[in-house]
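Reader: Could we go through the salt bridges in this one? Please start with the rule you count them by.

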Amino acid sequence: MREFPRGPHPWTGQAAALPWRSALPWRSSLALAVVQLVGTQAAAHSQPERVGLGLLGRALLVAGPALLLARHRHPRLAVLGTAAVTALYLGAGYPYGPVFLSLVVACFAAVAAGRRVAAWSALAGLWAVHLLIAHWLHRWLPPAGDGPAAWGPEAAVAAWAVAIVAASELVRVRREQWARERAEREAAERRRADEERLRIARELHDVLAHSISVINVQAGVGLALLDQDPEQARTALTTIKAAGKEALGEVRQVLDTLRAPGAAPRSPAPGLDRLAELTGQARDAGLAVTVETEGVRTALPPGADLAAFRIVQEALTNVVRHSGSRTARVLLRYAPGALELRVDDDGPATADGMTRGMTGGNGLAGMRERAAALGGTVAAGPRPDGGFRVHARLPLAAATVTGTPPGTPRQPPPGEATREAP
């Protein structure tokens, strides 16, 4: 039977209610009607004392499967209707046979749909009718001369009814378990998709915010000096070109991961080894940046290395965009099992920088999300003595010293001052 598509609604994102697998399950109902007709006709040969199947008997054998057409949309009607049809068939004295199959299928459908009381009532009612016909009403009902039935087989009939109820309940429990597991898988897939979307949004924000801030500052410098100092304006345009090229390269790398999610990135993700390049871009934007290091430099896991680079990048971008200060200080402290980052500027804040200090923005939220993903923290806000500070702590689970024996200080890159922690 054809199944309609499942999953979240394409506009609302909410999971749609499970639709019926088919509007009318006519294939299974038709097959069941054939089984009941052929099976009962075959069983009638060994029951000559019963009433022969006529037009009415065959109609009752078809009526049960016909009611099963509504078992998905109206399970209560289907189970009660098939029980009534089966009771009429037994009361008319027709041969015993697979007439009960319609009721079995209707019970399964009703219990699976949550109509348990209707299923139990239908089985109990049919059993009560059977007892009345077999032990009391037989003298007035066909076939003529039929005597009372023995009480011994009634235990088998009761066991048969209990078995149907138990099997129906087992099917219901299994279906609920499968539905719950499917919902959990879909929720996990949506959660992974949301996390990936947030990760890509952070990457694009960090790349574009930094590069566009540098381009904006240098464009202003170029326009101001275009007539008075063409050479300085040329330098500003060169910086704009370099920043734009770098931004395009990093955006292309992010987009490549979207086009080929299973492939490895074509170039490594940026890390603190590009810190000198980052501070050089900030200097080109008119920001004097000093970098200090405390402790012994350790090799960072790729995720922590990228997060550290992006946090420093976003902090310097905020200084360029929101601070009236033209100086910034970056401190890297390699503590046992953790990396601490601190970026300070002396302020004062510009008009939009006041909003940054009070509410934060996408950049500050992105820094906190990056640190939280690694089990770290980011604190950002005004300093008591003025200015603004971003302080991050990233745990390092398995850091190792890069290419030097333990206790040997690393050599800082050009332009970076080093201060060993006491």
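Author: A salt bridge here is a side-chain nitrogen of Lys or Arg within 4 Å of a carboxyl oxygen of Asp or Glu. This is a predicted model, in which local features need pLDDT of at least 70 and side-chain atom pairs count only at pLDDT 80 or more, while totals for chains, interfaces and linings use all residues. Residues are numbered from 1 along each chain as its sequence is written, and side-chain values use heavy atoms, with hydrogens and water left out.

Reader: How many salt bridges does that rule give?

Author: The count is 12 salt bridges.

Reader: Which residue does Arg172 pair with?

Author: Arg172 pairs with Glu169, with 2.9 Å between the closest N and O atoms. The two are about one helical turn apart, because they sit 3 residues apart in helix α6 (residues 154–225), where helices (H or I, at least four residues) and strands (E, at least two) are DSSP runs numbered from the N terminus.

Reader: Is Arg172 buried or exposed?

Author: Arg172 is buried, at 13% relative accessible area, and Glu169 is buried too, at 15%; buried means under 20%, exposed over 50% and partly exposed in between, with a 1.4 Å probe and protein chains only.

Reader: Switching topic, what is the N to O distance between Arg329 and Asp346?

Author: That salt bridge between Arg329 and Asp346 spans 3.2 Å. Arg329 lies in strand β3 (residues 327–335) and Asp346 in the loop between β4 (338–345) and α10 (351–359), so the pair ties together parts 17 residues apart in sequence.
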